[in-house]
Amino acid sequence: MAILPMKRIHIYALLKDRKRIMEMLQRFGTVQIEDNLEEDEIFLKKDISGEKQKVERDLTLVSQALDILESHVPEPKSILDTLNGRRELSVEDFERLGSKQDDIRKMAEHIKDLDRTIAECKSEIHKINTQIEALSPWSSLDIPLQFQGTRSTCALTGTLPGELSLENILDKLADMLPDADEIHADIISSGKDQTHIFLLCPRHNASAVEGALRSMGFARPPVSSGNIIPAEQKTKLEAERAELERLSEKSKNEIIQHAEKRDELKFLYDWLTMRLERLENKKCLLESKYTFIIAGYIPQKEIQAVTSALSSRFLVYIELNDPGEDEDVPVLLENSKFSEPVEGVLRSFSYPGKGEIDPISIMSVFYYILFGLMLSDAAYGLLMTIGCGICLLKFKNMESGMRKTLRMFFFCGISTTFWGAMFGSWFGDVVTVVSSTFFNKTAAIKPIWFEPMRDPMRMLVFSMAMGIVHLFTGLGAKLYQCIRAKQYKDALYDAVFWYMLVGGLIIFALSTEKFVEILNLSFILPKSAGNAAAVIAAIAAIGIVLTSGRESRNWFKRILKGLYGLYNITGYMSDILSYSRLLALGLATGVIASVINQMGAMGGRSVAGAILFIVVFLAGHSINIGINLLGAYVHTNRLSFVEFFGKFYEGGGSEFTPLGVHTKYYKLREESNHG
Amino acid sequence: MDNLGLIFALSGAVLAALLAGIGSAIGVGMAGQAAAGVVTDDPSKFGKVLILQLLPGTQGIYGLLIAFLTLTQIGVLGGSPDISLAKGLLYFVACLPMAFVGLWSAIRQAQAAVSSIALVAKRPDQAGKAIIFPAMVETYAILALLISILCVTGLGGLNI
């Protein structure tokens with residue numbers, strides 16, 4: 001209905017009560033704290049960045065802990081959760097849990113530690129696995145891998161590329177070192193890519209032998225077995241791995257055990273979020289040694305509740321005054337249950353700026369009508385109405401945003417049903433198709449008014465007439481705004497002249513035969529009325545030429561600007577034509593629905609045909625509802641934003657954002673009383 | 001060559017579905033890439049960017065609509081497809097607005113949608129306005145649809 005009147009509020013209180021006062025204001029959620037106080041030598045703003053950082057760090061910790069729990073013990077989720085809304089928590093529970101916050105924070109840290117342990121175990125196990133893999137070809141070697149040899153012998157343990165036999169190796173060595181004898185070699189294991197060898201030679205020609213081997217591609221093993229034999233080392237590593245696995249498993253179980261305390265973590269998350277919001281607001285306060293000042297805005301109707309609650313519990317002084325003329329007062333809207341749902345659409349455009357009215361109530365009526373005209377299928381409308389209605393009745397605890405959206409589609413559904421019935425569209429022409437395909441009869445639901453498909457011209461005229469009504473209502477809102485601001489001249493120049501011009505032209509057109517013929521109308525206005533309308537339009541046109549450029553002092557410039565202003569008549573033309581989308585989108589729904597029905601009926605009159613029909617019917621109409629719902633939503637928004645708002649509304653106001661409880665998981669039971 | 005009229009009429013119907021469909025496919029594809037990019041960063045924006053992705057998809061549906069309307073009018077779907085050359089040519093021409101405007105507007109709309117998706121990525125609170133920019137382009141597809149519908153339905157009653 002209206003923009004709620006706002007008051008400036010100043011609260012002066014003692015510093016010792018600050019925390020409790022802020023908490024109370026947060027629960028009320030009706031005061032928007034402003035950062036517009038000036039510091040002086042006594043009153044200073046407090047630096048909260050350190051405190052804020054700490055809270056933010058804790059928030060990250062808790063959300064990480066919740067993520068960890070979620071990855072180990074996923075919470076069952078369903079679409080109904082969004083409808084159910086947040087759980088309620090009484091103030092007592094809230095305070096009880098609040099006193100446990102240190103324990104909960106410790107638990108979050110613990111969960112994070114456990115998760116880190118698991119990750120560390122995992123990477124350690126991975127490392128061990130690589131080692132075991134590297135050791136396994138050596139498992140039959142019965143001396144340590146790093147064995148260097150004895151006093152007079154030298155041991156060379158390593159790999160040669162390719163699959164080689166012992167003979168091969170010895171032959172090659174003999175070729176390269178013809179005088180070296182006393183070489184003992186063993187093949188430990190061999191595979192396609194590598195041969196693992198152990199070679200013993202006298203120490204005096206060890207370097208020559210190693211050089212020869214290197215030229216064959218010899219490489220030392222990549223792992224070490226310390227001073228025990230590889231097989232033993234492998235067992236040792238396996239034992240280590242088992243130990244790590246046990247630790248990892250244990251940590252995992254411990255995390256799973258913590259899952260039942262997830263609610264406490266969620267609580268802490270909310271608690272910290274609230275604390276953060278208080279902190280954000282705290283930096284706007286002025287503090288002296290023993291007192292502090294809050295400045296902000298409060299809706300007039302909430303003043304009583306807030307002041308009485310504050311002054312009954314604390315020593316406070318509250319000062320209220322009217323906001324100044326040029327102040328950017330935050331906007332809070334209050335509307336009837338019927339209009340309120342469209343607030344979301346308005347918010348996505350912009351809130352009313354200075355001197356503008358709250359357009360919600362007129363906007364909502366047209367919004368529902370236009371939406372219905374675009375979707376215009378009675379069965380789709382009924383589905384929407386019933387679906388939204390059931391959800392609204394069944395889920396009492398729904399979040400208010402969700403509730404508004406559903407309520408909006410509920411009303412849109414009613415309008416869709418109405419227009420669908422007027423135009424005789426029930427799932428397109430399903431009755432006709434089913435009766436002729438399966439029952440060999442001709443039946444049809446008769447439209448109450450007419451069928452746009454058979455008479456598109458009539459629907460086009462109706463769409464444009466609807467557009468003219470919409471646009472003229474917008475112009476009316478402009479008129480009202482000007483009169484309310486006592487700008488009577490502007491009202492005459494910017495609204496009345498346009499009414500006269502556009503209205504006069506339309507009446508004149510309706511009195512000419514040619515125009516009536518094109519539109520296929522059944523009536524024609526008398527010539528005299530047309531002439532009178534033409535005179536009125538001409539007067540308005542002259543008026544617009546003279547006044548559109550009224551801010552210019554120079555008459556020549558002024559007339560030029562005036563002519564440009566008159567050119568705006570083409571804007572009205574295109575605005576009116578724009579409403580032809582009502583016809584196009586309405587037809588689109590109907591025609592696609594008939595296409596679906598016809599495709600379904602292609603199976604003919606048989607059991608298989610009936611099954612085909614049902615499948616095509618269900619899938620096809622679901623898609624059609626989805627697509628056309630989107631289309632109707634987008635284009636209703638467009639008609640509201642561009643054509644309708646273009647006439648009177650610019651927006652630019654800022655939304656009222658009070659200090660409040662904006663939690664993710666729980667809501668305070670008390671909260672519901674205050675919005 | 002008695003059926004030349006039918007050939008032209010059918011070509012018109014097919015062209016409407018074909019070109020508008022190609023336009024929408026390109027458009028939805030472009031917007032989809034941009035949308036996927038946004039969702040990589042922030043999965044919670046899925047719903048908002050999905051709507052923007054779907055916007056250039058309507059032209060394909062309008063094309064289908066005109067094609068279907070023409071097919072029923074000329075009697076290809078149940079009926080006797082017997083039309084004169086002149087009438088066939090008229091049907092062909094009637095389908096052209098939807099075919100060409102459908103093709104181009106879907107692609108241009110997709111470009112606007114891609115920019116709007118970037119807008120939503122940076123400022124999710126402006127999603128309402130972001131939808132309007134691509135929707136402005138759609139107006140011309142709707143106007144073309146309107147003319148094609150009026151022509152095709154009007155031709156049914158014509159006796160040439």
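Q: What percentage of the 675 residues in chain A is buried?
A: Buried residues make up 32% of chain A. Keep in mind that this is a predicted model.

Q: And what is the figure for the 160 residues of chain B?
A: There, 55% are buried.

Q: What radius of gyration does chain A have, against a compact globule of 675 residues?
A: Chain A has 41 Å. A compact globule of that length would come out near 26 Å.

Q: What box do the C-alpha atoms of chain A fill?
A: Roughly 130 × 85 × 60 Å, along the principal axes.

Q: And what does the C-alpha trace of chain B span?
A: About 60 × 20 × 20 Å along its principal axes.

Q: Confidence next. What is the mean pLDDT of chain A?
A: The mean is 88, and 99% of the residues of chain A reach 70 or more. Over residues 671-675 of chain A, though, the pLDDT is below 50. That stretch has seven contacts in the model beyond near neighbours in sequence. Where pLDDT is low, predicted coordinates should not be read in detail.

Q: What does chain B average?
A: A pLDDT of 89, with 98% of residues scoring at least 70.

Q: Where in chain B is confidence lowest, and where highest?
A: Lowest in helix α2 (residues 46-54) of chain B, at a mean of 86. Highest in helix α4 (residues 85-122) of chain B, at 94.

Q: What are the scores for the model?
A: ipTM is 0.81 and pTM is 0.83.

Q: Now the interface. How many residues of chain A are in contact with chain B?
A: On the chain A side, 23 residues, in contact with 24 residues of chain B.

Q: Which elements of chain A give two or more residues to that side?
A: They are α11 (343-349), α22 (580-600) and α23 (607-648) of chain A. The largest share, ten residues, comes from α22(A).

Q: How do the residues on that side divide by type?
A: Into 14 nonpolar, seven polar and two charged.

Q: Switching to sheets. What is the strand order in the open sheet of three strands?
A: The order is β6-β8-β7 (chain A), and the pairing is antiparallel.

Q: Why is one side of β6(A) and of β7(A) left without a neighbour in the sheet?
A: Because β6 (153-161) and β7 (184-190) of chain A stand at the edges, each with a single partner strand.

Q: How many bridges join β6(A) and β8(A)?
A: Nine, in the antiparallel sense, with β8 covering residues 194-202 of chain A. In that pairing, L160(A) stands opposite T195(A) in β8(A).

Q: Which strands does helix α6(A) touch?
A: Helix α6 (residues 166-176) of chain A packs on the sheet and touches β6, β7 and β8 of chain A. Its direction makes about 140° with that of β7(A).

Q: And what does helix α7(A) lie across?
A: Helix α7 (residues 206-215) lies across β6 and β8 of chain A, at about 0° to β6(A).

Q: Over how many bridges does β2(A) pair with β10(A)?
A: Strand β2 (residues 6-14) and strand β10 (residues 291-299) of chain A pair over nine antiparallel bridges. H10(A) stands opposite A295(A) in β10(A).

Q: How many bridges join β2(A) to β11(A)?
A: Six, also running antiparallel, with β11 at residues 316-321 of chain A. Here I9(A) stands opposite L320(A).

Q: Last one: where does G424(A) lie?
A: In the loop between α14 (400-423) and α15 (430-438) of chain A.

Q: Buried or exposed?
A: G424(A) counts as buried, because it has 24 C-beta neighbours inside 10 Å; the cut-off is 20 or more.

Q: Which residues is G424(A) in contact with, leaving aside neighbours within four places in sequence?
A: I445(A), K446(A), P447(A) and E451(A). As for W449(A), 25 residues along the chain from G424(A), the C-alpha atoms of the two are separated by 7.9 Å.

Definitions and conventions: Residues are numbered from 1 along each chain as its sequence is written. Chains are lettered from A and ligands numbered from 1 in the order in which they are written. This is a predicted model: local features need pLDDT of at least 70, side-chain atom pairs count only at pLDDT 80 or more; totals for chains, interfaces and linings use all residues. pLDDT is the predictor's confidence in each residue, from 0 to 100. Two residues are in contact if their C-beta atoms, placed from the backbone, lie within 7 Å. Helices (H or I, at least four residues) and strands (E, at least two) are DSSP runs, numbered from the N terminus. Ala, Val, Leu, Ile, Met, Phe, Trp, Tyr, Cys and Pro count as nonpolar, Asp, Glu, Lys and Arg as charged, and the others, Gly among them, as polar. The radius of gyration is taken over C-alpha atoms; the globule rule is 2.2 Å times the number of residues to the power 0.38. A residue is buried if 20 or more other C-beta atoms lie within 10 Å of its own, exposed if 12 or fewer, and partly exposed in between; C-beta atoms are placed from the backbone. Two strands pair if DSSP finds at least two bridges between them. Axes are lines fitted to C-alpha atoms, for helices over the stretch in contact, and angles run from 0 to 180 degrees between N-to-C directions.
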